[in-house]
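Open the model in your viewer and keep the sequence panel beside it. Each stop below tells you what to select and what you will find.

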Amino acid sequence: MKFSILINEGPYTHQASDSAYQFAKSVLAKGHEIFRIFFYHDGVNNATRLTTPPQDDRNIVNRWSKLAEEHKLDMVVCVAAAQRRGIVDEGEAKRNGKDATNLAPGFRISGLGQLIEAGIQADRMVTFGD
Amino acid sequence: MLNIINKSPLDRGSLDTCLQSADAGAILLIEDGVYAATKGSAGEAKLKAAGGKFKIYALGPDLEARGIADRVMDGVTLVDYGGFVDLVAEHKTSQSWL
C-alpha cells in the first residue's frame with residue numbers, strides 16, 4: 001500500500017516529528033511504500049541542516065536525511081512556509097538574494113501542488129502536527 | 001474512519017470534538033492523547049460515555065514513555081507503531097484531530 005505523510009510541526013517542539021519518523025519507519029518495515037513526506041507550516045524546520053542538538057540527543061534532521069537516503073524517499077518542503085522561516089536551497093537563495101543555504105540532504109523545496117498530488121496518488125495520508 | 005488524537009483532554013478539546021462530531025469508527029490515542037485512557041481520568045469518563053460507538057486504541061510506546069502503561073482503562077487495545085500502521089491501512093481514511 002502507498003502512504004503519504006504530512007508533517008506540520010517543527011522538530012523538538014512536542015512530539016509530531018518523532019511520531020512521524022517512527023510511523024514512517026514502521027510503514028517501510030511492513031513492506032509498504034512511502035509516496036511522499038510533505039513538510040508544511042513549522043514542519044519545514046525539520047529540513048535545516050544547521051541544527052545542532054546535544055550529542056546525546058537524537059538528531060531529528062539527520063535522521064530524516066538518512067531515512068530518505070536509505071529508502072529513496074521523496075521529502076518535500078513547502079516553498080512559502082520555507083521562505084517565511086528561512087529554509088533556503090540554492091535556487092531560493094539566488095531568487096531571493098540570500099547569502100547562504102541550509103536545506104538538509106534528501107529534502108527538496110516545492111509547492112503545495114505536491115501535497116495535493118501526494119493525497120491523490122497515495123492510498124493513505126496521515127497527518128502529524130501540533 | 002480512524003480518528004487520531006494526540007493531545008491530552010486536560011490540554012485541548014480535540015477528544016471532545018472528535019467524540020461529538022465523528023461518525024462511529026476507531027479512535028487511536030497517541031502522544032499526550034494517551035492520558036485520556038488512564039483509569040480514573042476525565043478522559044476515561046468521556047470514552048466510556050461514548051458508549052462503544054468507537055473502538056479505542058492507544059499507542060503503547062507513548063503510554064510507557066509517560067509511565068502510565070499500568071494504568072490503562074478497560075476496553076482499550078494497545079498497539080505499537082506497527083499496529084498504528086495496520087490501523088491506518090485497515091481504515092480507508094484517517095483524521096488527525098489537531
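Helices (H or I, at least four residues) and strands (E, at least two) are DSSP runs, numbered from the N terminus. By that count, chain A has five helices and five strands. This is a predicted model, in which local features need pLDDT of at least 70, side-chain atom pairs count only at pLDDT 80 or more, and totals for chains, interfaces and linings use all residues. Residues are numbered from 1 along each chain as its sequence is written, while chains are lettered from A and ligands numbered from 1 in the order in which they are written. The model scores ipTM 0.96 and pTM 0.97.

**Stop 1: chain A as a whole**

Select chain A and color by secondary structure. Following the sequence, you pass β-α-β-α-β-α-α-β-α-β. The radius of gyration, taken over C-alpha atoms, is compared with a globule rule of 2.2 Å times the number of residues to the power 0.38. Chain A has a radius of gyration of 14 Å, close to the 14 Å from the rule for 130 residues, so it is as compact as a globular protein of that length. Along the principal axes, its C-alpha atoms fill a box of roughly 45 × 40 × 25 Å.

Next, contacts: two residues are in contact if their C-beta atoms, placed from the backbone, lie within 7 Å. Take the contacts in chain A between residues at least 6 apart in sequence: 74% of them join residues at least 24 apart.

**Stop 2: two loops with positive phi**

Most residues other than glycine have a negative phi. Select A:Tyr12, in the loop between β1 (2-7) and α1 (16-29) of chain A. Its phi is near 60°. Then select A:His41, in the loop between β2 (33-39) and α2 (60-71) of chain A. Here phi is near 50°.

Buried or exposed? A residue is buried if 20 or more other C-beta atoms lie within 10 Å of its own, exposed if 12 or fewer, and partly exposed in between. A:Tyr12 is partly exposed because 15 other C-beta atoms lie within 10 Å. A:His41 is partly exposed too, with 17.

**Stop 3: the nonpolar core**

Of the 130 residues in chain A, 44% are buried. A nonpolar core is a set of buried Ala, Val, Leu, Ile, Met, Phe, Trp, Tyr and Cys residues joined through C-beta atoms within 7 Å. The largest one has 63 residues, and A:Ile5, A:Phe39, A:Val77 and B:Leu29 touch the most other members. α1(A) gives the most to this core, six residues. Center on A:Ile5. Leaving aside residues up to four places away in sequence, its contacts include A:Ala20, A:Phe23, A:Ile34 and A:Phe128.

**Stop 4: helix α2 of chain B**

Select residues 42-49 of chain B, helix α2; B:Gly43, B:Glu44 and B:Leu47 are its buried residues. They lie on the same side of α2(B), because they cover an arc of only 100° around the axis, judged by the directions from the helix axis to the C-beta atoms. They pack against α1 (14-21) and β3 (54-59) of chain B. Just after the helix, B:Gly51 has a positive phi of about 55°.

**Stop 5: where the chains meet**

Which part of chain B supplies the largest share of the side that touches chain A? Show both chains: 11 residues of chain B are in contact with 15 residues of chain A. α4 (81-90) and β5 (94-96) of chain B each supply at least two residues of that side. The largest share, six residues, comes from α4(B).
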